[in-house]
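Here is a brief report on one protein chain. Please keep the sequence and the model open while reading.

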Amino acid sequence: MDLETIKKFEKDNNLIFPKGYIKLILSSNNVPENICKDYGDVTIFSLEELLEERETLEMEKYCPEYIAVGCGGGGEIFVMEQKEESDTLIITEAGNLLLEYITPKDCIYLYDFFENWAKRGCPLSDIKSVEN
């Protein structure tokens, strides 16, 4: 997996990936579990999984400005804005994937989180500590 392949994937699918997600995909060769060791119930999506989840969750219809980059075992969906400079991981419930509900009032916002979390091996404890 190289940057050119990711950029082509973005263009072909009319998506914009945050830099932190791109770095994770590059460093894991599009197999995020190679990097994220302390997964527990947490899943970070590969490029292909991201597309599949986008379709399943009907994100193009309900919240096209976001991409789902992963999920938790309790129905949580991890989304990020489709902006290259975005490094905020937003944790929401699958039923809240409407633009009007992707707000700090209705979701957990983890600012400047995603890239640093991936560097540390995606510890599940980081996410669990903010849910409690």
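## Terms and overview

Helices and strands here are DSSP runs, numbered from the N terminus; a helix needs at least four residues and a strand at least two. The loop between strand 3 and strand 4, for instance, holds Thr-88. The model is predicted.

The protein chain has six helices and five strands. Read from the N terminus, the order of elements is α-α-β-α-α-β-β-β-β-α-α. Of the 132 residues in the protein chain, 47% are buried. Among contacts with a separation of 6 or more, 47% join residues 24 or more positions apart.

## Helix 1 against helix 2

Two packed helices are described by the angle between their axes and the distance between the axes. Helix 1 covers residues 3–13 and helix 2 covers residues 19–27. Their axes are 10 Å apart, and the packing angle is about 130°. Helix 1 and helix 2 are therefore oblique to each other. Their crossing is right-handed.

Which residues in helix 1 meet helix 2? They are Leu-3, Ile-6, Lys-7 and Glu-10. On the helix 2 side, the partners are Ile-22, Ile-25 and Leu-26. By class, this contact has five nonpolar residues, two charged residues and no polar ones.

## Helix 1 against helix 3

Helix 3 spans residues 47–56. Helix 1 and helix 3 pack at about 15°, with their axes 12 Å apart. That angle is under 35 degrees, so helix 1 is roughly parallel to helix 3. This crossing, too, is right-handed.

Helix 1 brings Ile-6, Phe-9 and Asn-13 to the contact. Helix 3 brings Leu-47, Glu-48 and Leu-51. The contact of helix 1 with helix 3 has four nonpolar residues, one polar and one charged.

Strand 3 runs over residues 76–81. Is the strand mostly covered or mostly open? Mostly covered: five of its six residues are buried.

Strand 3 pairs with strand 2 (residues 66–71) in the antiparallel sense, over five bridges. Ile-67 stands opposite Met-80 in strand 3. Strand 2 and strand 3 form a hairpin with four residues between them. Gly-75 sits in that turn and has a positive phi of about 90°. Strand 3 also runs antiparallel to strand 4 (residues 89–93), joined by four bridges. Here Glu-76 has Glu-93 in strand 4 as its bridge partner.

Why does Thr-88 count as buried? Its relative accessibility is 17%, and buried means under 20%, so Thr-88 falls on the buried side. Leaving aside neighbours within four places in sequence, Thr-88 is in contact with Val-79, Met-80, Tyr-109, Leu-110, Tyr-111 and Asp-112. One of these, Met-80, is the residue opposite Ile-67.

Thr-103 lies in the loop between strand 4 and strand 5 (108–110). Its relative accessible area is 22%, so Thr-103 is partly exposed. Thr-103 and Ile-90 are 13 residues apart along the chain. Their C-alpha atoms are separated by 8.9 Å.

Terms used. Residues numbered from 1 in each chain as written. Predicted model: local features only at pLDDT ≥ 70, side-chain atom pairs only at ≥ 80, totals over all residues. Heavy atoms only, no water. Axes fitted to C-alpha atoms, helices over the stretch in contact; angles between N-to-C directions. Parallel < 35°, antiparallel > 145°, perpendicular 65-115°, else oblique. Left-handed = near helix turned anticlockwise from the far one by under 90°. Contact = heavy atoms within 4.5 Å. Nonpolar A, V, L, I, M, F, W, Y, C, P; charged D, E, K, R; others polar. Buried < 20%, exposed > 50% of the residue type's maximum accessible area, 1.4 Å probe, protein only. Pairing = 2+ DSSP bridges.
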